[in-house]
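Subject: Structure handover

Hello,

Here is the structure I promised you. Please open it next to this email and follow along.

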Amino acid sequence: MRTRAWSTVWMLGAFAFVIYMGHLYIWAMVIAIQVFMVREVFNLARKAHEDRHLPGFRILNWHFFFTTMIFVYGYFLQRQLVNTVLSDKFLYRLVSNFIKYRLFICYFLYISGFVWFILTLKMKMYKYQFGQFAWTHMILLVVFTQSAFIVANIFEGIFWFLLPAFLIVINDIAAYIFGFFFGRTPLIKLSPKKTWEGFIGASVTTIISAFLDLSTGWLHCDPGPLFKPKYYSLGMLPSWFPWNEIMVLPVQWHALALALFASSIAPFGGFFASGFKRAFKIKDFGDSIPGHGGMTDRMDCQMVMAVFSYIYYQSFIVPHSNTVDTILQHILGNLSIEDQINLYRQLGDILLASQQNDSYSFPL
């Protein structure tokens, strides 16, 4: 218990420091977590005897991992990261060209890994090798691709990374407390310690926390439409009631939707991981975190939550109509500096010509 407590304190301190440092450091932290997770799950299906007869075969797994990383992160970030962080002209062009030809590069890397796999096939090892090939692709789909949505949320705004993660943590803590003190009715056979009392208590706590924590005034964001208060009249209540209106931030309604998912659906990521461990007859995925088990043991629900948060944000929060702000953001995120300057000059010429035409048509 003491080891687990010290590990928790260390993780919280490291997490707070990384958040303070900003987007790129958070991204680096997520990549480190993904490497630990993929290594843990890769090792589940390893057989030492077979691996001794296949020197270098493990490198092929990591080749596919880094190829997938380039493809997924290139899709999420595109030119946004380039325009934001690169001031050196040579590096800017290098990375811009890399993103431009990302699909070709990723395909070439993947097909080279495919050819590499075929060339390493050995007699009496076919079944093991093809099993490892399928296992690698399953891991990349279920583990890496889902967790990559965490990075997508980070670059939509650190708030959209912190809020889903915070809701999962609150739900886990509340489920443990309610289950420990009030748990009587088993919830699911995959996790015998999970109870209905813990599940329901955690759901209520998570939903209430999501709504109230954003109304306490601790949040300081760019005052966009989501963070500007709206007032709702309580005219139906009697006159002696002390409040005749309430103030709610629009983001609080979105937080409720995320909290509902975090408390009702995201826990099934944990149930999936429990079934996975039972299939391999192991207690934890690894020992990356002393007292907690493996990194995958801590991230099972977070991955499910990250995918939903990204899809929800893109579906219900990102404005889909063309406004000056959205067009400007698209220009800054997708055009190079040279193209932006060229657009500026062309737009200036068009506006100047339009102004001259108006002055000819309507003389003073």
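First, a term: a crossing is left-handed if the near helix is turned anticlockwise from the far one by less than a right angle, and right-handed if clockwise. Helices (H or I, at least four residues) and strands (E, at least two) are DSSP runs, numbered from the N terminus.

Some ground rules. This is a predicted model, where local features need pLDDT of at least 70, side-chain atom pairs count only at pLDDT 80 or more, and totals for chains, interfaces and linings use all residues. Residues are numbered from 1 along each chain as its sequence is written, and side-chain values use heavy atoms, with hydrogens and water left out.

**Helix α7 against helix α8**

Start with α7 (residues 102–119). Its axis and that of α8 come within 12 Å and cross at roughly 160°. Axes are lines fitted to C-alpha atoms, for helices over the stretch in contact, and angles run from 0 to 180 degrees between N-to-C directions. So α7 and α8 are roughly antiparallel to each other. The cut-offs: under 35 degrees is roughly parallel, over 145 roughly antiparallel, 65 to 115 roughly perpendicular, and the rest oblique. The crossing of α7 and α8 is right-handed. Tyr-110, Phe-114 and Phe-117 of α7 meet Gln-129, Phe-130, Phe-133 and His-137 of α8. Contact means heavy atoms within 4.5 Å. By class, this contact of α7 with α8 has 5 nonpolar, 2 polar and no charged residues. Ala, Val, Leu, Ile, Met, Phe, Trp, Tyr, Cys and Pro count as nonpolar, Asp, Glu, Lys and Arg as charged, and the others, Gly among them, as polar.

**Helix α2 against helix α8**

Next, α2 (residues 23–44) packs with α8 at about 165°, with their axes 10 Å apart. α2 and α8 are therefore roughly antiparallel. Their crossing is right-handed. The contact includes Trp-27 and Phe-42 of α2, and Trp-135 and Phe-144 of α8. It has 16 nonpolar, 4 polar and no charged residues.

**Helix α9 against helix α13**

α9 (residues 158–182) and α13 (residues 295–317) pack at about 135°, with axes 10 Å apart. That makes α9 oblique to α13. The crossing of α9 and α13 is right-handed. Among the residues in contact are Trp-160 and Pro-164 of α9, and Met-305 and Tyr-313 of α13. The classes are 10 nonpolar, 2 polar and no charged.

**The cavity**

How many cavities of 30 Å³ or more does a search of the whole structure find? The search finds 1. A cavity is a set of points on a 1 Å grid over the protein atoms alone where a 1.4 Å probe fits but cannot get out, and lining residues have an atom within 4 Å of a point. The largest cavity has a volume of about 30 Å³. Volume is the space filled by probe spheres set on the points, and grid points are joined across faces, edges and corners. Its lining includes Phe-57, Phe-117 and Phe-133. α4 (57–77) and α8 (126–154) each give two or more residues to that lining. The largest share, 4 residues, comes from α4. The lining divides into 5 nonpolar, 3 polar and no charged residues.

Best wishes

Notes
On a 1 Å grid over the protein atoms alone, a cavity is a set of points where a 1.4 Å probe fits but cannot get out, and a pocket is an open set with protein on both sides within 12 Å along at least five of seven lines; lining residues have an atom within 4 Å of a point.
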